[in-house]
Amino acid sequence: MRLITNWFNSKLHRPRDRGPIEEAGPMAIRVTDNQESSRFEIFDDEELAGFAEYHRYGTELAFIHTEVDPKFGGRGLGGKLAQGALDAAREQGAAVLPYCPFIRGWITKHPDYAELVPAAQRDRFGL
């Protein structure tokens with residue numbers, strides 16, 4: 001467990017904050033696109049709570065891993081992160097490839113986001 005915690009904490013010190021994508025509620029939850037690190041990040045006030053890593057291939061955005069620090073668990077931040085990242089992809093006109101099981105599962109629960117996945121790829125991802 002210490003190794004995972006140390007790994008997560010090392011991620012906290014990367015360059016961050018490319019401007020807000022989503023802001024909600026009185027707790028100042030925001031999602032930003034940290035393009036230098038190829039990930040969307042969610043903050044609770046000024047503290048990094050989680051991230052969704054991606055690879056960009058032209059107009060495609062391949063989500064590969066999503067993680068929320070356990071101390072922020074049970075607050076729905078993973079869902080807010082997924083929604084903020086997918087809303088940004090929609091605004092950019094990017095196609096989404098949900099290799100990350102969390103992002104894929106979130107899309108499954110919110111079928112109005114399935115249109116972001118190219119029609120020819122939906123069966124591959126079970127959508």
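This is a predicted model: local features need pLDDT of at least 70, side-chain atom pairs count only at pLDDT 80 or more; totals for chains, interfaces and linings use all residues.
Let me begin with a definition: rings of Phe, Tyr and Trp, the last taken by its six-membered ring, pair if their centres lie within 6.5 Å, and planes under 30 degrees apart count as stacked, over 60 as edge-to-face and the rest as tilted. Under that rule, ring pairs tie Phe-40, Tyr-54 and Phe-63 together into a cluster, and the count for the structure comes to 5 aromatic pairs.

Residues are numbered from 1 along each chain as its sequence is written, and side-chain values use heavy atoms, with hydrogens and water left out.

Let me turn to the individual rings. Phe-40 and Tyr-54 have ring centres 5.2 Å apart and planes at 45 degrees, so this pair is tilted. The pair links distant parts of the chain, since Phe-40 belongs to strand S3 (residues 39-44) and Tyr-54 to strand S4 (residues 47-57), 14 residues apart; strands here are DSSP runs of E with at least two residues, helices are runs of H or I with at least four, and both are numbered from the N terminus. Both Phe-40 and Tyr-54 are buried, where buried means under 20% relative accessible area, exposed means over 50%, and partly exposed lies in between, using a 1.4 Å probe and protein chains only. Trp-106 and Tyr-113 form an edge-to-face pair, at 5.0 Å centre to centre with 70 degrees between the planes, and these two residues, Trp-106 and Tyr-113, are buried as well.

Arg-39 is placed over Phe-51, at 4.6 Å from the ring centre, and Arg-90 over Tyr-113, at 4.7 Å from the ring centre.

What, then, surrounds S3? For S3, 6 of the 6 residues are buried, so this strand is largely enclosed by the rest of the structure. In a regular strand the side chains alternate between the two faces of the sheet. In S3 both faces are covered, with Arg-39, Glu-41 and Phe-43 buried on one side and Phe-40, Ile-42 and Asp-44 buried on the other.

As for the neighbours of S3, two strands are said to pair if DSSP finds at least two bridges between them. Strand S2 (residues 29-34) runs antiparallel to S3 and is joined to it by 6 bridges, and Arg-30 has Phe-43 as its bridge partner in S3. S3 and S4 likewise pair in the antiparallel sense over 6 bridges, with Phe-51 of S4 as the bridge partner of Glu-41.

The turns deserve a careful look. S2 and S3 form a hairpin with 4 residues between them, and Ser-38 in that turn has a positive phi of about 55 degrees; at 27% relative accessibility, Ser-38 counts as partly exposed. S3 and S4 form a hairpin with 2 residues between them, where Asp-45 has a positive phi of about 55 degrees, and Asp-45 is partly exposed, with a relative accessible area of 43%.

Finally, the buried residues of helix H2 include Leu-77, Leu-81, Gly-84 and Ala-88, and the helix is followed by Gly-93, whose phi is positive, near 75 degrees.

Key. A charge sits over a ring if NZ of Lys or CZ of Arg is within 6 Å of the ring centre and within 35 degrees of the ring normal.
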